[in-house]
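Subject: Structure for your files, with notes

Hello,

The structure is pasted below, and my notes on what was found in it follow. Please read them alongside the coordinates.

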Amino acid sequence: MSGDRMAKKGGNMSTLSELLIIAVGSALVSNVVLSQFYGLCPFLGVSKQLKTAGGMGVAVIFVITLASLVAGMIYRFLLEPFGLEYLKTIVFILVIAALVQFVEMFLKRSIPSLYQSLGVYLPLITTNCAVLGTALTNVQEGYGILYGVVNGFATAAGFAIAICILAGIREKMRYNNVPKAFQGMPIVLVTAGLMAIAFCGFSGLL
Amino acid sequence: MDLQAIMIAVIMIGVLGLVLGLFLGCSAKIFHVESDSREEAILEVLPGNNCGGCGYPGCSGLAAAVVKGEAPVNACPVGGEAVAAKVAAVMGVDAGRSERMVAFVKCLGDCEKAAKDYDYHGEADCRMAALLPGGGDKSCNYGCLGYGSCVKECPFDAIHIRNGIAVVDREACKACGRCVAVCPKKLIELIPCHAAYAVACASKDKGPEVMKKCKAGCIGCGLCKKNCPADAVEIMDFLARIDPEKCEKCGACAEKCPKKVIAKP
């Protein structure tokens, strides 16, 4: 990529291009489900219909972006000053669970229409390991708060892309003659595996 | 690690937990939404396996719909009358008569009895097959194609393809109506569980035509109508139909039927 050339034009531009690289990288190249294997449970469980998969995708984007912001702030302003970085996992679990609970209450009261459309997926995401995984990755990679939020949004968008594609395939697959041994979950896992191979093609992107 | 570091960690996590707990508790009060207590009470008595048989997303969906008055108190097909009575008690209305229904496939033309116009090798789905010329490979335009769209749709594993036609397992059927909706031939009907006899054919062709296509087709001869003591049989479009409310379960129709299409469902 032309990172060097852009860096010469000024610091602002290079930040932007770096953010873009992070976004594309975590959305497509190292896709959260298909190459890191986070969040497989909702990926396989809620991908029967395109409509519900879309709802799940939107809910995940919403929660992960917010969780990246809050977890990043907690790490920066609470854990680092006290030298408690080693407690990040347990603190993030605590914070994310509380955050999702709060978001659910807040939406129910303030934006009932969004609450209705996210439905049961919102509380389900509390236990989605992709949320915690993203928060921890942000810390591991040394992303600041802004980079972390962008990375979180892109990771979640990658999840939404993957689950929507799988749901589309599964909707079409219902009309196929699947051998008895492969019916149900096995064929879905095979499909997910083939999708993962296809997503490997994105690694040439960066 | 000295004691001080441990104390900092303990206090830090403890305070964080306390703050989050207080925060959640306060926001639960601030953002409290009046929910109907009846909704929770109904949710309590529903089976709770979220099958979606009622057509709402899960038991909580049905509970909300019942409270709003959108769904009847006996809308849960799984719980049956027992649950309907409990829901009715919560809502303070009369449960009404909730008759147990079962799905019934109006076709007996299995592989031996029904003729085929051609061999079909496409996708094993009735909705696909029904789009082909002549409404599928079966000679009879009204009969069960036997590619099992209803089987795939059934959440209770209550309908199966036996020898080329769909057969309902009456014990397992919860009358959710999904098979009725999916069948491209409109062959499946919900009938009262107590119905003793029903005509297992949907062909509206004339008698000679039916005879050519299927050995188990109603030819509209009217022998059942003539022999019914209760006047429960009607012939319309060369097809007999038994009214389960009038039927006295004597079995005269089934005995006289020359094609043996009047079946005990």
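Ser26(A) is buried, as 24 other C-beta atoms lie within 10 Å. Here a residue counts as buried with 20 or more other C-beta atoms within 10 Å of its own, as exposed with 12 or fewer, and as partly exposed in between, with C-beta atoms placed from the backbone. Ser26(A) sits in helix α2 of chain A. Leaving out residues up to four places away in sequence, Ser26(A) touches Asn151(A), Ala154(A), Thr155(A) and Gly158(A); contact means C-beta atoms, placed from the backbone, within 7 Å. Between Ser26(A) and Gly158(A) there are 7.0 Å from C-alpha to C-alpha, although they are 132 residues apart in sequence.

The model is predicted: local features need pLDDT of at least 70 and side-chain atom pairs count only at pLDDT 80 or more, while totals for chains, interfaces and linings use all residues. Residues are numbered from 1 along each chain as its sequence is written, and chains are lettered from A and ligands numbered from 1 in the order in which they are written.

Chain A as a whole: it has 10 helices and 0 strands. Helices (H or I, at least four residues) and strands (E, at least two) are DSSP runs, numbered from the N terminus. Of the 206 residues of chain A, 33% are buried. Taking contacts in chain A between residues at least 6 apart in sequence, 78% join residues at least 24 apart.

One helix pair in chain A: α4 (residues 50-82) and α9 (residues 145-173) of chain A pack at about 165 degrees, with axes 8 Å apart. Axes are lines fitted to C-alpha atoms, for helices over the stretch in contact, and angles run from 0 to 180 degrees between N-to-C directions. The angle makes α4(A) roughly antiparallel to α9(A) (under 35 degrees is roughly parallel, over 145 roughly antiparallel, 65 to 115 roughly perpendicular, the rest oblique). By class, this contact of α4(A) with α9(A) has 20 nonpolar, 10 polar and 2 charged residues. Ala, Val, Leu, Ile, Met, Phe, Trp, Tyr, Cys and Pro count as nonpolar, Asp, Glu, Lys and Arg as charged, and the others, Gly among them, as polar.

The interface: 17 residues of chain B are in contact with 16 residues of chain A. Helix α1 (residues 3-30) of chain B gives the most to chain B's side, with 10 residues. That side has 12 nonpolar, 2 polar and 3 charged residues.

The cores: a nonpolar core is a set of buried Ala, Val, Leu, Ile, Met, Phe, Trp, Tyr and Cys residues joined through C-beta atoms within 7 Å. The largest has 52 residues, and those touching the most other members are Ala103(B), Val105(B), Cys107(B), Val199(B), Cys201(B) and Val261(B). Strand β1(B) supplies the largest share of this core, 4 residues. Apart from it lies another core of 48 residues, including Ala53(A) and Ile163(A).

Two backbone entries: Phe37(A) has phi near 60 degrees, a positive value in a residue other than glycine. Phe37(A) lies in the loop between α2 (11-29) and α3 (40-45) of chain A and is partly exposed, with 15 other C-beta atoms within 10 Å. Phi of Phe238(B) is also positive, near 60 degrees. Phe238(B) is in the loop between β6 (233-236) and β7 (239-242) of chain B and counts as partly exposed, with 18 C-beta neighbours inside 10 Å.

Regards

Methods. Contact = placed C-beta atoms within 7 Å.
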